[in-house]
Amino acid sequence: MDAYAPLIAASINAGTPLMLAALGLLINEKSGVVNLGAEGMMLVAAVIGFAVAVDTQSVAFGFVAGAAAGMLLAGFFALMTVWLGTNQYATGLALSLFGGGASAYIGISYVGKSLDNPKFAIPFLSDIPFVGTALFRQHPMVYLSLLLCAGIVVFLYRTRAGLVLRAVGESPSSAHALGYNVRRIRLAALLFGGACCGLAGAFLSLVYTPLWVEGMVAGRGWIALALTTFATWRPARVLIGAYLFGGVTIMTFHAQGLGVSIDSQLLSMLPYLATILVLVLISTNANWIKLNMPASLGKNFNPG
């Protein structure tokens, strides 16, 4: 039984960047905005966070820098879509492509460098057989992501500000008529989403694989986007989905380690095939999607 504890721990570790990014994108979409630039934001945050951590020898500064980089790119996306009225989907794709190229250029001098990856453990709890190894020897950012998920649940469904955010996503014209500044609310939501994507990218380069490699996000930004639909825009379901996809990723590595006679390329495809399969299954019930999806999702708002 204890042999499975490291697999559970690794699955949680692999699912954390997916959860961080997906929670940020969920807040974006609750406000009615779709940001397809998650992949690019995560890549830029990964290289910026890693560069700052290497130069300052501080992982904490690396996370701050990664979050700031994500917010900066999200702010640019907000300027283009919320104020200038450009198409959200086209702008997001452009941002994703820009992030891929910019991160490759910025990271040239950091290829081959690495960071120390210290071990963390919660005293006493980490010594519990099986449970301690599986749950209580994670990086502090893992536990912060869980607190973030709980905080978003409370914010969306237990606070007035969360109600206003959801109202903006459902009917921006009605929210505007009631005196709420739709543009500013969407800007705040996008900046928060950018910070979450930044933390997710920084987690990849600072904790998950403490080094920089071009394209290291490897499609996780797109999986995070899919997770918001998989979770039907519910934060708790995002957590479950992220850990499930993280588990699929780790199981592919575990299968390779066991010498499963399947091409490594095919095993590497499994997380993405699982994403497609889940989306296909969800899409079979169109009414379920319509009932949960914010009504103004992907539509720009012009107050006139």
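Predicted model: local features only at pLDDT ≥ 70, side-chain atom pairs only at ≥ 80, totals over all residues.
Which loop holds Phe124? Phe124 lies between helix H4 (88–106) and helix H5 (131–135); helices here are DSSP runs of H or I with at least four residues, numbered from the N terminus.

## Ground rules

Residues are numbered from 1 along each chain as its sequence is written.

## Two positive phi values

Back to Phe124: its phi is positive, about 70°, although the residue is not a glycine. For background, most residues other than glycine have a negative phi. At 72% relative accessibility, Phe124 counts as exposed. The cut-offs are under 20% relative accessible area for buried, over 50% for exposed, and partly exposed in between, with a 1.4 Å probe and protein chains only.

Ala218 has a positive phi too, near 50°. Look for Ala218 in the loop between helix H9 (182–208) and H10. Ala218 is partly exposed, at 37% relative accessible area.

## A buried arginine without a partner

Arg220 sits in helix H10 (residues 220–230). Arg220 is buried and yet has no salt bridge, meaning a side-chain nitrogen of Lys or Arg within 4 Å of a carboxyl oxygen of Asp or Glu. Glu39 is the nearest side chain of opposite charge, 7.5 Å away; Lys and Arg count as positive, Asp and Glu as negative, and His and the chain ends are not counted.

What does the side chain of Arg220 reach at 3.1 Å? That is the backbone oxygen of Val217. Such a polar contact is a pair of N or O atoms within 3.5 Å; within protein, one must be able to donate a hydrogen and the other to accept it, and residues adjacent in sequence count only if both atoms are side-chain atoms. Setting aside neighbours within four places in sequence, Arg220 is in contact (heavy atoms within 4.5 Å) with Leu18, Glu39, Met42, Leu204 and Tyr208.

## Inside helix H1

Thr16 lies in helix H1 and is buried, with a relative accessible area of 0%. Its side chain reaches the backbone oxygen of Ile12 at 2.8 Å. Beyond neighbours within four places in sequence, Thr16 is in contact with Met141, Val142, Ser145, Phe203 and Tyr243.

Ala14 is in helix H1 as well, and counts as buried at 5% relative accessibility. Ala14 and Ile250 are 236 residues apart along the chain, but their C-alpha atoms are separated by 7.3 Å. Not counting residues up to four places away in sequence, Ala14 touches Tyr208, Gly246 and Ile250.

## Arg183 in helix H9

Over in helix H9 there's Arg183, partly exposed with a relative accessible area of 23%. A polar atom of the Arg183 side chain lies 3.4 Å from the backbone oxygen of Val82. Apart from residues up to four places away in sequence, Arg183 touches Val82, Trp83, Phe301, Asn302 and Pro303.

Tyr4, in the segment before helix H1 (5–30), is exposed at 52% relative accessible area.

Note on methods. Heavy atoms only, no water. Helix = DSSP H or I, 4+ residues; strand = E, 2+ residues; numbered from the N terminus.
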